[in-house]
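Q: I would be grateful for a close look at one part of the structure shown here, followed by a connected account of its other spaces and contacts.
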Amino acid sequence: MSDDAARWSLATRLVRAGRVSPHERTAVNPPIQRGSTVLFSDIEALHGPGKSYGLEGFDVHDALTAALADISSAAGATLAPSGLAACTVALLSFVSTGGEVLVTDSVYAPTRRFCDGLLARMGVTTRYFDPRIGAGIADLISDRTQVIFLESPGSLTFEIQDVPAITRAARTRNVISIIDDTWSAGVLFKPFDHGVDVSVQALTKYQAGHADVLLGATLARDPQHMARLFRTGKELGIGCGSAEDAYLTLRGLRTMPLRMERQAASALRIAQWLEQRDDVSSVLHPALPSHPDHALFQRDFSGAAGVFAFTLPRSTTDRALAAMLDGLSLFGLGFSWGGYESLAVNCTEQFVRKTAAWKDSGPIVRLSIGLEDPDDLIADLDAGFARLHA
Ligand SMILES: *Cc1c(COP(=O)(O)O)cnc(C)c1O
């Protein structure tokens, strides 16, 4: 990018990032090349530095990683075929047998499954910590601790973590900090400015934005950390996703701030509407002043995403909840959020808590707000509440 980039705002950078300088008769977007083989002009080049195999990607992958790194002011980015694969590559890059990872208890459920499964079989122990632990994390760090894994806000329950306090403690003890920054899409929160070593994003969500791509990224500011991430992906044979998926994700990035702004505004309106109902126990949205971590959210985030949850009274029966959710006409029932369409899921079955007790034991419903008119979405939910009480 040109020197202008430093003074451009995020929206401008999202339009410019990863673009090659224009010359005559080129398209705006990079070409989609499909390939397993990379061809070289001579044997010196064949064995020289740089990419040598299709798993490492072609121009469109380079454009996407350059754009992601630019937006996050990272030293680089690696791609993985899903957001979950990006989480596992990041963890595997910094652990070894006999070590220990400290993981937020609010972590994305499949990341927990990886820690309790493959990492445990490798002889790496996981200890979960209260997402609101803050500087208290220092007491949990042992000589075996290799990684602290954060996610803020937490999946399903939306606690905001005191990331600077946690990363300060991590640095003092030479522990690597990794954050799953999917909710912020790498733009609402700046992990590296808050002391995080490695950031992971499920590009599947807002970056791709149209519910048609699975892709993930790992990013780091320190080139040595970046080199570890590259190496782990390569050793595992983790590829960079198809050229079509990289293309769609890069295209999604260009319009992401517009989509997110609209989705966030609609989500906040719907959260406020839910908060006023006396048949809703709590609304778990960090941009609401009533949220227990609202001050941290205000301090560290530049805005909100369009995904949040609410809880219903403990007395809610499964049948009533099914009547409410099954009958929704605009909200799809599905897990992978961040697309243009609204989704609702009952998250209670995914919910696990090993540390501090979760006081609110009624059903948790997570909403991902899409690009529909928020009035139509509110009407759909309102009819759902009528079915809940019928
Ligand atoms: C969806 C999600 C992932 C995984 O992304 P996939 O591409 O679906 O594998 C990881 N972390 C969080 C927080 C997510 O919401």
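Which residues line the second largest cavity?

A: The second largest cavity is lined by Ser-72, Gly-186, Phe-189, Lys-190, Pro-191, Phe-192, Asp-193 and Arg-221. The model is predicted, with local features requiring pLDDT of at least 70 and side-chain atom pairs pLDDT 80 or more, while totals for chains, interfaces and linings use all residues. Residues are numbered from 1 along each chain as its sequence is written, and side-chain values use heavy atoms, without hydrogens or water.

This second largest cavity holds about 40 Å³ of space. Its lining comprises 3 nonpolar, 2 polar and 3 charged residues (nonpolar: Ala, Val, Leu, Ile, Met, Phe, Trp, Tyr, Cys and Pro; charged: Asp, Glu, Lys and Arg; polar: the others, including Gly). A cavity is a set of points on a 1 Å grid over the protein atoms alone where a 1.4 Å probe fits but cannot get out; a pocket is an open set with protein on both sides within 12 Å along at least five of seven lines; lining residues have an atom within 4 Å of a point. Volumes are the space filled by probe spheres set on the points, which are joined across faces, edges and corners.

Across the whole structure, the search finds 3 cavities of 30 Å³ or more. The largest cavity has a volume of about 80 Å³, and its lining includes Asp-105, Tyr-108, Arg-112, Gln-350, Phe-351 and Arg-353. By class, that lining has 6 nonpolar, 3 polar and 3 charged residues.

The largest pocket contains about 470 Å³ of space. It is lined by 26 residues, of which Leu-55, Glu-56, Thr-78, Phe-230 and Cys-240 are the closest to its centre. At least two lining residues come from each of α3 (59–72), β1 (76–80), α4 (83–93) and α7 (223–236); helices (H or I, at least four residues) and strands (E, at least two) are DSSP runs numbered from the N terminus. The lining of the largest pocket divides into 13 nonpolar, 8 polar and 5 charged residues.

The ligand is surrounded by 13 residues, each with a heavy atom within 4 Å of it. Gly-83, Leu-84, Asp-180, Thr-204 and Lys-205 are the closest. By class, the shell has 5 nonpolar, 5 polar and 3 charged residues. An oxygen atom of the ligand lies 2.7 Å from a backbone N or O atom of Gly-83, and a side-chain N or O atom of Asp-180 is 2.6 Å from a ligand nitrogen atom. Trp-337 places a polar side-chain atom 3.5 Å from an oxygen atom of the ligand. Taken alone the ligand exposes 380 Å², of which the protein buries 91% (Shrake-Rupley method, 1.4 Å probe).

Elsewhere, 5 strands form an open sheet with mixed pairing, in the order β8-β9-β12-β11-β10; strands pair if DSSP finds at least two bridges between them. Because β8 (282–284) and β10 (332–333) stand at the edges with a single partner strand each, one side of each has no neighbour in the sheet. Strands β11 (residues 343–346) and β12 (residues 364–368) pair in the antiparallel sense over 4 bridges, and Ala-344 has Leu-367 in β12 as its bridge partner.

Two loop residues complete the account. Pro-153, in the loop between β4 (145–151) and α6 (163–172), is joined to Ser-152 by a cis peptide bond with omega of about -5°. Asn-174, in the loop between α6 and β5 (176–180), has a positive phi of about 55° although it is not a glycine.

Notes
A polar contact is a pair of N or O atoms within 3.5 Å; within protein, one must be able to donate a hydrogen and the other to accept it, and residues adjacent in sequence count only if both atoms are side-chain atoms.
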